[in-house]
Amino acid sequence: MEFFNELLTLFCTALVVFGGGFFYFACLFGSAEQKGKNAVQLSGGSLAKEKVQEGYEQYWSFFRHPNGNEIDTSDKVPAFVDTFYNLVTDIYEWGWGQSFHFSPRISGKSHRDATRMHEEMAVNLLDLKPGARILDAGCGVGGPMRAIAAHSGANIVGITINEYQVKRARAHNKKAGLDSLCEVVCGNFLQMPFADDSFDGAYSIEATCHAPKLEEVYREIYRVLKPGSLYVSYEWVTTELYDSDDPEHVEIIRGIERGDALPRLRSYKDIAEIATKVGFEVVKEKDLAKPPAEPWWTRLKMGRIAYWRNHVVVTVLAWLGIAPKGVTDVHDMLFVTADYLAKGGDTGIFTPMHMILCRKPE
Ligand SMILES: C=C(CC[C@@H](C)[C@H]1CC[C@H]2C3=CC[C@H]4[C@H](C)[C@@H](O)CC[C@]4(C)[C@H]3CC[C@]12C)C(C)C
Ligand SMILES: C[S@@+](CC[C@H](N)C(=O)[O-])C[C@H]1O[C@@H](n2cnc3c(N)ncnc32)[C@H](O)[C@@H]1O
């Protein structure tokens, strides 16, 4: 009897400890940034709960070869990217924050501050004035847009292909009291619903890498900019250290492409060439990841224990039917992707912050 009582006490204690811990991580714990999402609120974006698994399978079906990264045709890319963001947007917000990009680590500063500084650097390059009309091409849920609007007083118009991100971004803008400065449009940045010469400046942060042909998005941005105005972009590229004959390098880059909805990563050499081809003058070009900048990928590596914890939370929530079924697969895919990205950083063959500043001539 006494043994049974002890066993029961042990069981109840374990239940309270694990149950309490699980409740905390699933219901109370949010992203390091302004709390937007908890694990219990994870969804499949615009996809119905029961369609998430199908959406995940559809994402992989876009690749012509399951082990290769060729996508059937480039006109399928916007739908492929849209499906991807339906699947990952909530997980990104929950596990990363409202800014869907990297930034160099800054000693003594939090990730949140380092993120803001990386975003504000773009504004400083553009020399924005209050009241200017600025385009954010590929705005996500608007983390950068809000930081830039608050920092500069400029009016930002963001465009994203994903309807769910539009909803999230508008809600965040309202909550932050920035909805009078920030507008969000659902659309394709390869064919934007904006008039020629209608923006005083433009930026894109880790977004144009999704375009099958960089030329197409740069040409479209060039079209909507007023003559004399500036455009800055942070591009995902392979660096001069990438060797396409090294199977390990190729595997890392293919891994990054597969887990991040990228048709094909470009070389750093292509960026200025394409910008010039569409008519821009290249003012400045620099890989912001190069020393003395500190590694951008440490946050990914430091997060490994947290990813395991997240994996348990997501698996249990999906098993309980609270999170959509396919969310576990999506989370596992991101888990693997984080590893490839960190390897890309460690080897130096990849950078997510190849900065280019261009001007549309007068
Ligand atoms: C610019 C793009 C996205 C860049 C990053 C914001 C995201 C790239 C990989 C993502 C993540 C990987 C691991 C996830 C982890 C397993 C989970 O528990 C919590 C979320 C992650 C950390 C997630 C967060 C966002 C990324 C770092 C691309 C798509 C062009
Ligand atoms: C990695 S996120 C970056 C978002 C944002 N710049 C940030 O840093 O938080 C890439 C963004 O590009 C958008 N995007 C990709 N392809 C697009 C397209 N063809 N048209 C419009 N938006 C696109 C995605 O919807 C997503 O919002």
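The legends below describe close-up views of a predicted model. Local features need pLDDT of at least 70 and side-chain atom pairs count only at pLDDT 80 or more, whereas totals for chains, interfaces and linings use all residues. Residues are numbered from 1 along each chain as its sequence is written, chains are lettered from A and ligands numbered from 1 in the order in which they are written, and side-chain values use heavy atoms, with hydrogens and water left out.

**View 1. Surroundings of ligand 1.** Ligand 1 is surrounded by 22 residues, of which Y85, Y92, W236, N310 and H331 are the closest; a residue is counted if one of its heavy atoms lies within 4 Å of the ligand. An oxygen atom of ligand 1 lies 2.8 Å from a polar side-chain atom of N310. The side chain of H331 has an N or O atom 2.6 Å from an oxygen atom of ligand 1. The protein buries 100% of the 640 Å² that ligand 1 exposes when taken alone (areas by the Shrake-Rupley method with a 1.4 Å probe). Two or more residues of the shell around ligand 1 come from each of α3 (77-95), α11 and α12; helices are DSSP runs of H or I with at least four residues, strands are runs of E with at least two, and both are numbered from the N terminus.

**View 2. Surroundings of ligand 2.** There are 19 residues around ligand 2, and F100, G138, T160, Q165 and F189 come nearest. A polar backbone atom of F100 is 2.7 Å from an oxygen atom of ligand 2. Nitrogen atoms of ligand 2 are approached by a backbone N or O atom of F189 at 2.8 Å and by one of I161 at 3.2 Å. Of the 590 Å² of accessible area that ligand 2 has on its own, the protein covers 97%.

View 3. R105 and E294 form a salt bridge, with their closest N and O atoms 2.9 Å apart; the term means a side-chain nitrogen of Lys or Arg within 4 Å of a carboxyl oxygen of Asp or Glu. R105 is in the loop between α3 and α4 (111-126) and E294 in the loop between β7 (281-287) and α10 (298-302), so the pair ties together parts 189 residues apart in sequence. The whole structure has 19 salt bridges.

**View 4. Two backbone details.** Most residues other than glycine have a negative phi, and most peptide bonds are trans. The peptide bond from P291 to P292 is cis, with omega near 10°, and P292 is in the loop between β7 and α10. D197 has a positive phi, near 50°, and lies in the loop between β3 (182-186) and β4 (199-205).

Key:
A polar contact is a pair of N or O atoms within 3.5 Å; within protein, one must be able to donate a hydrogen and the other to accept it, and residues adjacent in sequence count only if both atoms are side-chain atoms.
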